[in-house]
Amino acid sequence: MAKPIAWGTLCYLPLVDGWKLYNDLLGDIVSTSTEPQISQDLIYFLDSVLSEDISIVAARPILDSFIAVLRKLTQETQISVGQHAVTLLQSRSTSVEEQDAQIRELLADAYEAEGQYTDAAKALQGIHIDSSQRLVSDAAKVQLWIRIVRYYLEEDDTTSAEAFLNRIKNLPSKIEDHDLKLHFKLSQARILDARRRFLEASQEYFNVSLAAGVDEMDRLQALAAAIRCAVLAPAGPQRSRILATLYKDDRSTSVDEFAILEKMFLDRLLDPEEVAAFAQRLAPHQLAVTADGTTVLDKAVVEHNLVAASKLYENITTDALGAILGLQGSGDFTAGEKAEDYAARMVEQGRLKGSIDQIAGIIYFDSGNAATGQHIRQWDAGVQGLAEDVERVATSITNAFPDFAAGQAAVH
């Protein structure tokens, strides 16, 4: 086709005849045009359909036929023609909102298949969801926003992702659909993870791993992500609690991260080989270099080993501690001074019990729990695990023999 299709005499034909002729022409384009000519022919077709010569009443059914045809074409064609379509529809989108939404969703699918996630998100953002012409339920809004969030997260654009996640949070109605709830929780976990709010991210990932209707492989992936975030979180009581929860989960032994989880939970020193192996399973943002020239993992390991050292020693020189922590002197600071700085910050924040004699260069740890802390934690974990096992057995008996359980309840 050398030029755009002119409405010409077709506009003077009865509406049904004009619609039929355009449909026939659309069929001819698909059956006779080849790549890349078909894209240009469809663009000419759209230019004619959306010209000012055709009323919007006549254009709607033709657009419906056009969309049905576009769905069957290649992704490359869908992108080139879809881009042109949404540009043309911008001036008339209030009159053809349903068709505009369908083309944008189709365009987003094509972009997603090509790995162009930001373009996919922007295509969906143009869909009108607050209009008197097209009623969109809260569930449909959530579904759309979750999809946009997922696209932005694929590009590590957490700022844009969080903006759309907040729209979901601000909806007056709650999310009822189970799958949407799950996607929301996972998106929230990924945003917290990317923002390096690792304690909160770990809890969210763990919640996803426990949710109903999740594939077993996905459960283990979520659990592994929870462990990675817990390891990267700042040492302290809060991290100790989430580490305990993860360590007591029977599934944890099935993931590669269990070895480092166990050492973290039992306050054992981590050696460089273990840390290097663990680092290979981290995402790029989890290995990003911070302002002080270290990574989040470096800092987490140093803080953990410092806590582990406090369980082994009542006091230690800062130089010796620096050697244990694997710190290197740099600039005006020695390894011992770096160790002292880590310890001072953790003591000040209440994440480590002890005191520092700066003149003598000695760190004194609170030895109240030094000798028995590890055994007490193991004992507590064992007692809690036993209690949970007993509760599971009791629940199983109740479910299997409801009459017997009811009788026992009546006796007591």
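Reply: Helix α15 (residues 296–312) packs against helix α17 (residues 335–348) at an angle of about 80°, and their axes are 11 Å apart. Helices here are DSSP runs of H or I with at least four residues, numbered from the N terminus; axes are lines fitted to C-alpha atoms over the stretch in contact, with angles from 0 to 180 degrees between N-to-C directions. α15 and α17 are therefore roughly perpendicular to each other (65 to 115 degrees). From α15, Lys299, Val302, Glu303, Leu306 and Val307 meet Ala339, Tyr342, Ala343, Arg345 and Met346 of α17, contact being heavy atoms within 4.5 Å. By class, this contact of α15 with α17 has seven nonpolar, three charged and no polar residues.

The model is predicted: local features need pLDDT of at least 70 and side-chain atom pairs pLDDT 80 or more, while totals for chains, interfaces and linings use all residues. Residues are numbered from 1 along each chain as its sequence is written, and side-chain values use heavy atoms, without hydrogens and water.

Leaving out residues up to four places away in sequence, Ile168 touches Val142, Trp145, Ile146, Ile175 and Phe184.

Helix α2 (residues 37–49) has 13 residues. Ten of the 13 are buried (under 20% relative accessible area, 1.4 Å probe, protein chains only), among them Leu42, Phe45 and Val49.

Notes. Helices (H or I, at least four residues) and strands (E, at least two) are DSSP runs, numbered from the N terminus. Angles under 35 degrees count as roughly parallel, over 145 as roughly antiparallel, 65 to 115 as roughly perpendicular and the rest as oblique. Ala, Val, Leu, Ile, Met, Phe, Trp, Tyr, Cys and Pro count as nonpolar, Asp, Glu, Lys and Arg as charged, and the others, Gly among them, as polar. The expected span of a helix is 1.5 Å times one less than its number of residues. Buried means under 20% relative accessible area, exposed over 50%, partly exposed in between (1.4 Å probe, protein chains only).
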